[in-house]
Amino acid sequence: MGISVDGFDSLSAKILAAQARAVPLVAAVVRKTAADVQATAQVNAPVDTGMLRASYNTEHGGGGVHVWAEVKPAANYAIYVELGTSRMAPQPHLFPALDHHAPAFQQAVGAIPRSVFHG
């Protein structure tokens, strides 16, 4: 007894083609959002010497279907500025930048399936 499924090869090919079109679009959204988060965090970072603001950088990469980006300051005291200490009130600037850009990120990622399947 055997099972035959008509169109499976065609469906599989369409799924792989959609993935190939979607991954670069997702990567572009991730890169743009990371750059936007970095810019906002830098503008909102408190300035004493300017080192914290200048120390921000963004890394991004991925492979296959995995896409990532990381926005981070190189200043070793950045976490203390962001979250505060027992002697200093917090001066959040990175987390609010993430919160600010999250809706646009979600909207852009949500639009990708439409462009992949209908664009």
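The following is a conversation about the predicted model shown above.

Reader: What kind of model is this, and how are residues numbered?

Author: It is a predicted model, in which local features need pLDDT of at least 70 and side-chain atom pairs count only at pLDDT 80 or more, while totals for chains, interfaces and linings use all residues. Residues are numbered from 1 along each chain as its sequence is written, and side-chain values use heavy atoms, with hydrogens and water left out.

Reader: Which secondary structure does the chain have?

Author: The chain has four helices and two strands. Helices (H or I, at least four residues) and strands (E, at least two) are DSSP runs, numbered from the N terminus. In order from the N terminus, the elements run α-α-β-β-α-α.

Reader: Is the chain spread out or a compact globule?

Author: The chain is more spread out than a compact globule, because its radius of gyration is 21 Å, well over the 14 Å that the globule rule gives for 119 residues. That radius is taken over C-alpha atoms, and the rule is 2.2 Å times the number of residues to the power 0.38. Along the principal axes, the C-alpha atoms fill a box of roughly 75 × 30 × 20 Å.

Reader: And how much of the chain is buried?

Author: Buried residues make up 23% of the 119 residues. Buried means under 20% relative accessible area, exposed means over 50%, and partly exposed lies in between (1.4 Å probe, protein chains only).

Reader: Turning to the strands, how do β1 and β2 pair?

Author: Strand β1 (residues 56–63) and strand β2 (residues 66–73) pair in the antiparallel sense over eight bridges. Two strands count as paired if DSSP finds at least two bridges between them.

Reader: How far is Ser55 from Arg21?

Author: Ser55 and Arg21 are 35 Å apart in space, C-alpha to C-alpha, and 34 residues apart in sequence.

Reader: What about Ile79?

Author: Ile79 is found in helix α3 (residues 78–83) and is partly exposed, with a relative accessible area of 45%. The C-alpha atoms of Ile79 and Gln91 are separated by 9.7 Å, with the two residues 12 apart along the chain.

Reader: Where does Pro92 lie, and what is it in contact with?

Author: Pro92 lies in the loop between α3 and α4 (94–118). Pro92 is partly exposed, at a relative accessible area of 46%. Beyond neighbours within four places in sequence, Pro92 is in contact with Val81 and Glu82. Pro92 and Gly7 are 85 residues apart in sequence and 54 Å apart in space, C-alpha to C-alpha.

Terms used: Contact means heavy atoms within 4.5 Å.
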